Amino acid sequence: MRDRFSGSMLTVTIVAAVSAVISMSITQTSAQAPAASSGAAPAPALKTPWGEPDLQGIWTDETDTPLQRSPKFANQEFFAEAQRAELDKERSALLRRDRRVERGTELDVAGAYNALFMTQKRTGARTSMIVDPPNGRMPPLTPQAQKLAAADREFRLALLQATETCKNKSVACSGGKYDPTPSPRRADLPPRYNTARMNRHDGPEDGSLPDRCLTMGLPEFGAATGSFRRIVQTPGGISIFYDVGQGQGWQRNIVMDGRPHLPANIRQWYGDSRGHWEDNTLVIDVTNFSPKTDFQGSRENLHLVERWTRTGPTSLEYVVTIEDPTVWTQPWIVKQEFTRQSDQENRLYYEPRCLEGNYGLPGLMRGARAEELAFAEGRGPHPATKDNATDFVGVEDDPLQ
Amino acid sequence: MRGRFLRSTIMVAIAAAAVGAVISMSMTQTSGQAQSTRPARIEGKPNFSGIWQANNEANWDLQAHAARPAAVTQQGVYPYDYARVPAAPVLALGAAGAVPGSLGVVQGDGQIPYKPDALLIKQQNAEHWIDRDPELKCYLPGIPRAMYLPYPFQITQSTNKIHIAYEFSNTARTIHLDKVAGPPDDTWMGHSVGRWDGDTLVVDVTNFNDRSWFDRAGNFHSDALHLVERFTLRSPDIIWYEVTIEDPKVFTRPWSIAMPLYRRVEPNMQLLEFRCNEFAEEFMYGHLRKQPLVKHWEGDTMTIDVTRKVPPGDLFYQWYGK
């Protein structure tokens with residue numbers, strides 16, 4: 001009975017993820033043959049007919065670079081070519097999410113969401129996307145942010161304490177310990193608005209934002225499924241459509257006329273963007289984020305300054321300064337290099353259709369209600385001993401991380 | 001009998017039904033100033049860039065209709081269609097839940113030429129509006145509906161692409177002036193290929209799925225839908241928008257709709273977010289909560305008890321005394 005519940009829940013999650021397969025297979029195609037696809041199109045001018053720098057087209061990061069530098073590569077900003085080739089070889093041999101564990105266990109069923117769903121691209125030139133601080137790591141958290149993060153972590157671990165995940169000392173339980181007694185905190189509100197997976201499905205708000213088709217917006221670094229952005233310009237105006245996650249696309253219309261930001265009481269998932277040109281660089285100031293967003297612990301006080309510069313016919317540099325004095329002790333800077341993609345090969349990127357195919361979120365709730373009923377009727381284990389959301393194998397292997 | 005008015009076994013959608021009212025109120029605050037930096041023409045063609053919005057009742061019903069008490073009604077004390085009363089899901093909204101009348105946007109005789117079987121489906125759609133209209137679930141609106149939803153949209157016109165970003169549901173479409181082939185699968189928003197006919201932008205839209213509706217009245221189409229849109233600037237702040245609608249699986253002949261789209265000329269106008277999938281969560285998943293917020297779920301059925309507590313002093317006959 002137990003296995004039937006978790007099995008059916010995971011099946012619906014897979015159905016919901018189908019759109020990701022399409023975008024990822026396209027990612028891999030274009031990553032393999034960038035020269036062929038860009039060579040077919042005429043070389044684009046770097047200025048628009050009205051004289052502004054031309055950032056237009058579909059852009060993506062064709063390589064994998066971890067946000068933070070692994071301690072293994074400390075003091076090394078760039079990989080040597082031989083190192084990249086070696087890492088590519090090593091990484092392409094990894095089973096990742098295709099790794100199987102003991103058959104019939106929940107952990108193995110979770111592997112149905114296999115490696116096919118995750119983009120793996122060629123190793124990038126940099127050892128980290130973070131270029132400042134120079135060590136390639138996020139700056140230390142403020143004491144206040146550390147406290148918030150610890151409280152959040154403690155709550156999540158409490159929901160896991162009676163499960164196999166902790167009993168087996170899985171990655172998802174790191175920092176916690178096994179205790180067969182269900183935690184009294186299972187009915188508590190999380191310490192703050194939940195944005196991440198937790199081992200509880202009392203209502204939709206217990207789902208992670210991506211599970212709710214509410215993937216966070218900015219800054220957008222591609223994550224496990226890669227991301228694309230289409231830029232279209234008009235005199236004095238810029239529109240950017242992002243294709244991210246599994247059909248969780250969204251758009252920005254950059255206000256370019258120098259007016260101030262939105263009033264402080266208007267908070268948005270993707271913030272409020274105000275742009276201007278500095279020579280050939282589009283500079284965008286982003287504020288007014290919603291407290292429901294979360295980027296590495298930063299919420300409504302997140303402030304971004306993005307710098308978009310066309311560096312060549314098929315290349316675009318993206319540099320973003322990330323600042324939140326309530327979370328980090330200093331601002332930090334991330335740099336990405338985007339490559340222009342073929343229009344013809346990227347024709348499905350305007351449909352943020354996650355919601356219509358999201359059988360996963362109601363499936364998790366329905367499964368939890370069924371487990372509760374089974375337990376109440378003496379047919380199943382205590383629901384607190386089950387973990388059907390947080391434990392996976394194969395995500396910890398990447399030598400880049 | 002009284003219980004029948006107050007209790008209904010239809011799922012609720014108060015927020016969605018109220019949207020039209022909210023938007024038309026904000027429309028009255030327009031200041032009349034136009035943006036000055038926008039050139040009238042780009043590469044010799046009229047520049048449609050800017051933020052636009054329909055200001056009509058087409059999203060309620062493309063066809064001419066008299067005002068009615070609510071989007072969801074039920075029989076009142078009389079058995080006549082003209083004497084129906086609001087049903088429970090929208091009852092508490094009072095007159096704000098009513099449907100405004102309209103002379104319609106369907107051209108010619110005002111009729112939508114359904115095939116007989118399709119007309120039956122349209123009528124059933126209307127009866128099951130709350131459960132069937134994709135707008136209530138925040139699914140993508142499709143074209144042409146996205147053009148006259150009561151939400152603004154922004155046109156960014158370049159030389160080979162014209163991008164339209166819609167406030168509703170984060171959706172968008174790109175009009176390709178450079179003849180990109182259609183996508184390998186069908187879509188809600190279609191595949192748009194544009195060309196210029198003098199100063200009119202003509203857009204051919206294909207590759208649709210059969211999911212989107214034309215309005216809240218249940219007007220629908222199949223995956224054979226083919227649109228030809230015509231955008232013509234009638235003045236700097238008005239686009240005349242015409243669409244020819246062809247779908248041989250559903251209609252006996254092509255038909256068309258037409259309406260003005262107005263520029264949102266407020267100097268501080270910008271698109272805000274309307275990320276409605278969050279707003280539809282309770283509607284779609286509320287019955288799966290451990291502790292339901294709506295107390296009368298029976299399986300998938302939401303049974304609505306309308307309990308409206310009027311604070312002391314706010315009864316309607318006390319209002320003038322305040």
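1. A word on terms before we start: helices (H or I, at least four residues) and strands (E, at least two) are DSSP runs, numbered from the N terminus. The peptide bond that joins Ile143(B) and Pro144(B) is cis, with omega about 10°.

2. Please keep in mind that this is a predicted model, in which local features need pLDDT of at least 70 and side-chain atom pairs count only at pLDDT 80 or more, while totals for chains, interfaces and linings use all residues. Residues are numbered from 1 along each chain as its sequence is written, and chains are lettered from A and ligands numbered from 1 in the order in which they are written.

3. Now to where the chains meet. Chain A and chain B bring 43 residues each to the contact; two residues are in contact if their C-beta atoms, placed from the backbone, lie within 7 Å. On the side of chain A that touches chain B, the elements giving two or more residues are β5 (227-234), β6 (237-244), β7 (250-254) and α8 (360-376) of chain A. Of these, α8(A) gives the most, with five residues.

4. Chain B itself has eight helices and 17 strands. Of its 322 residues, 38% count as buried, that is, with 20 or more other C-beta atoms within 10 Å of their own C-beta, placed from the backbone; exposed means 12 or fewer, and partly exposed lies in between.

5. Next, the nonpolar cores, each a set of buried Ala, Val, Leu, Ile, Met, Phe, Trp, Tyr and Cys residues joined through C-beta atoms within 7 Å. The largest has 89 residues, and Leu62(B), Ala146(B) and Tyr166(B) are among those with the most contacts inside it. β6(A) gives the most to this core, with five residues. A second, separate core of 16 residues includes Ala71(B) and Ile304(B).

6. Chain A also has a cis peptide bond, from Leu218(A) to Pro219(A), with omega near -10°. Pro219(A) is in the loop between α7 (164-167) and β5 of chain A.

7. Finally, which residues other than glycine have a positive phi? One is Gln296(A), with phi near 50°, in the loop between β9 (281-287) and β10 (303-312) of chain A. Gln296(A) counts as partly exposed because it has 17 C-beta neighbours inside 10 Å. Another is Lys179(B), with phi of about 55°, in the loop between β9 (172-176) and β10 (191-197) of chain B. Lys179(B) has 9 other C-beta atoms within 10 Å, so it is exposed.
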